[in-house]
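Subject: The structure for you to look at

Hello,

Here is the structure I promised to pass on. Please open it alongside this message, and then read on for what turned up in it.

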Amino acid sequence: MVKKIGIIGCGAMGSEIANYIAKNLGDKSKVVVIADIDPRRAEELSNRIKPKPLIADIDGVIDKADIIIEAASPEVSGDIAEKADALKKDVLIMSTGGLLKKQHLIEKINLSKSRIYIPSGAICGLDGLRSAMTGAVKSVTLITRKPLKGLAGSLYLKEKHIEIEKIDKETLVYSGTARDAIKYFPQNINVAVTLSICGIGADKTGVKIYTSPEYTRNTHEIEIEGEFGRLWTRTENLPSKNNPKTSQLAIFSAIAKLKEILC
Ligand SMILES: NC(=O)c1ccc[n+]([C@@H]2O[C@H](COP(=O)([O-])OP(=O)(O)OC[C@H]3O[C@@H](n4cnc5c(N)ncnc54)[C@H](O)[C@@H]3O)[C@@H](O)[C@H]2O)c1
């Protein structure tokens, strides 16, 4: 049976996923409904893919689709996950930061008691972290390096009066917990929340964010220490062509998860 896909958020990620489905997964799935807070973006995407999907609001997408892909914002992702879960529908959440407001959902996800999926995003090593959690885990740290334009406009830089255009060498702009990181960088550091959901939680997961005019890639290093030993991964991501804050691998991770669900 061809699964009906609904996409919430028609930006870099939502559009690329929709195009991929139309071009490569047509025998198993079809994008039937989309939503965006910006009607022009929804219309643009609706006109680009065939067959043309319906434009709805968030509830309309959840209602009409079998599989929902959230690629919008942490402001709405928690509620989307909750509503889809209540209707026993599959939902992929990319703005994982929004799940921190829904601890009951995080517990269900970790016990595999829901159909809420969190793609691995732009990081590698979640499989090792999940295994490590069987024993004691002492520390989990994410060290992120982003080009200047990947951090532009973030709340943290504004609050700390950091003028991004004046940074002329490698600079540590943030060091703290994953919970605070997503509060200050809601569009830039969802991977910190993904990591904390799979591991020791948002208050214990450490995050360091560096930037530099020299950086051209979104680089994520993960360091985990525990009863098992030490794990270290490094992913050097190219940014998406359409949004420098989003890594191309994060978009691919959503597509890979969707293919897994469709199999
Ligand atoms: N999990 C990860 O590893 C990871 C990696 C990259 C991006 N992300 C997150 O995925 C989401 C999508 O990323 P993107 O690169 O496509 O961003 P984008 O800015 O290119 O697109 C987001 C789209 O969502 C729409 N939108 C925003 N708020 C909305 C709302 N309340 N209701 C409906 N639509 C809304 C915007 O108008 C925009 O069209 C972002 O929240 C981003 O932070 C997660």
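Is Tyr-156 buried or exposed? Tyr-156 is buried, because its relative accessible area is 11%, and a residue has to be under 20% to be classed that way. Please keep in mind as you read that this is a predicted model.

**The aromatic rings**

Tyr-174 has another ring partner, Phe-185. That pair is also edge-to-face, with 5.8 Å from centre to centre and 75° between the planes. Phe-185 sits in the loop between helix 9 (178-184) and helix 10 (190-198), while Tyr-174 belongs to strand 8, so the pair ties together parts that are eleven residues apart in sequence. With a relative accessibility of 0%, Phe-185 counts as buried.

Together with Tyr-184, these residues make up a cluster: ring pairs link Tyr-156, Tyr-174, Tyr-184 and Phe-185. The count of aromatic pairs comes to five.

**Helix 1 against helix 11**

Next, the helix packing. Helix 1 (residues 12-24) and helix 11 (residues 248-262) have axes that come within 10 Å and cross at roughly 45°. That angle makes helix 1 oblique to helix 11, and the crossing is right-handed.

Which residues of helix 1 meet helix 11? They are Ala-12, Met-13, Glu-16, Ile-17, Tyr-20 and Ile-21. On the side of helix 11, the partners are Gln-248, Ala-250, Ile-251, Phe-252, Ala-254, Ile-255, Leu-258 and Lys-259. Sorted by class, this contact has eleven nonpolar residues, one polar residue and two charged residues.

**Helix 4 against helix 5**

The axes of helix 4 and helix 5 are 10 Å apart, and the two helices pack at an angle of about 60°. They are therefore oblique to each other, and helix 4 passes helix 5 in a left-handed crossing.

Here Gly-78, Ala-81, Glu-82 and Asp-85 from helix 4 meet His-104, Leu-105 and Lys-108 from helix 5. By class, that contact has two nonpolar, two polar and three charged residues.

Ala-81, in helix 4, deserves a look of its own. It counts as buried, at 0% relative accessibility. Leaving aside residues up to four places away in sequence, Ala-81 touches Val-91, Ile-93, Leu-99, Leu-105 and Ile-116. The C-alpha atoms of Ala-81 and Ile-68 are separated by 9.1 Å, and these residues are 13 residues apart along the chain.

**Backbone details in the loops**

Pro-51 is placed in the loop between helix 2 (39-48) and strand 3 (54-55).

Lys-88 is not a glycine, yet it has a positive phi of about 55°. It lies in the loop between helix 4 (74-86) and strand 5 (90-93), and it counts as exposed at 61% relative accessibility.

Ser-112 also has a positive phi, near 55°, in a residue other than glycine. You will find Ser-112 in the loop between helix 5 (103-110) and strand 6 (116-117). At 63% relative accessibility, Ser-112 counts as exposed.

**One more position**

Finally, Gly-229 is in strand 11 (residues 229-237). Is Gly-229 buried, exposed or partly exposed? Its relative accessible area is 31%, so Gly-229 is partly exposed. Gly-229 and Val-137 are 92 residues apart in sequence, while their C-alpha atoms are 9.2 Å apart in space.

Key. Residues are numbered from 1 along each chain as its sequence is written. This is a predicted model: local features need pLDDT of at least 70, side-chain atom pairs count only at pLDDT 80 or more; totals for chains, interfaces and linings use all residues. Side-chain values use heavy atoms; hydrogens and water are left out. Axes are lines fitted to C-alpha atoms, for helices over the stretch in contact, and angles run from 0 to 180 degrees between N-to-C directions. Helices (H or I, at least four residues) and strands (E, at least two) are DSSP runs, numbered from the N terminus. Angles under 35 degrees count as roughly parallel, over 145 as roughly antiparallel, 65 to 115 as roughly perpendicular and the rest as oblique. A crossing is left-handed if the near helix is turned anticlockwise from the far one by less than a right angle, and right-handed if clockwise. Contact means heavy atoms within 4.5 Å. Ala, Val, Leu, Ile, Met, Phe, Trp, Tyr, Cys and Pro count as nonpolar, Asp, Glu, Lys and Arg as charged, and the others, Gly among them, as polar. Rings of Phe, Tyr and Trp (its six-membered ring) pair if their centres lie within 6.5 Å; planes under 30 degrees apart count as stacked, over 60 as edge-to-face and the rest as tilted. Buried means under 20% relative accessible area, exposed over 50%, partly exposed in between (1.4 Å probe, protein chains only).
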